[in-house]
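Hello,

Here is the structure I said I would pass on.

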Amino acid sequence: MVEYACKKCRYITEEPTICKVCGSREFTKEWHGYVVIIDPEKSEVAKKLGVKYAGKYALIVS
């Protein structure tokens, strides 16, 4: 199973067609580390990263 990260918002997905968070079509397999945001409204990490939707996000995208 290969996972791709959106180059624009860093959302991680298995289907690199269109990002369901930002609508971008640019994905990469070159990413490192990740954080899972469950409740973005209550998460301090989500606020620091600028994340508004729950999901898995890459920390570093190449």
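How many disulfides does the count come to? With a disulfide taken as a pair of cysteine sulfur atoms within 2.5 Å, the count is 0. In general, a disulfide is a covalent bond between the sulfur atoms of two cysteines.

Some ground rules. This is a predicted model, where local features need pLDDT of at least 70, side-chain atom pairs count only at pLDDT 80 or more, and totals for chains, interfaces and linings use all residues. Residues are numbered from 1 along each chain as its sequence is written, and side-chain values use heavy atoms, with hydrogens and water left out.

UniProt (unreviewed entry) lists a "binding site" at Cys6, Cys9, Cys19 and Cys22. These residues are spread over 17 residues of sequence but cluster in space, with a largest C-alpha distance of 8.7 Å. UniProt positions are in the numbering used here, feature names are shortened, and annotations may be inferred rather than shown by experiment.

Cysteine 6 is buried, at 0% relative accessible area, while cysteine 22 is partly exposed, at 28% (buried is under 20%, exposed over 50%, partly exposed in between; 1.4 Å probe, protein chains only).

Contacts (heavy atoms within 4.5 Å), leaving aside residues up to four places away in sequence:
- Cysteine 22 touches Cys6, Lys8 and Cys9.
- Cysteine 9 touches Cys19, Val21, Cys22 and Tyr57.

Regards
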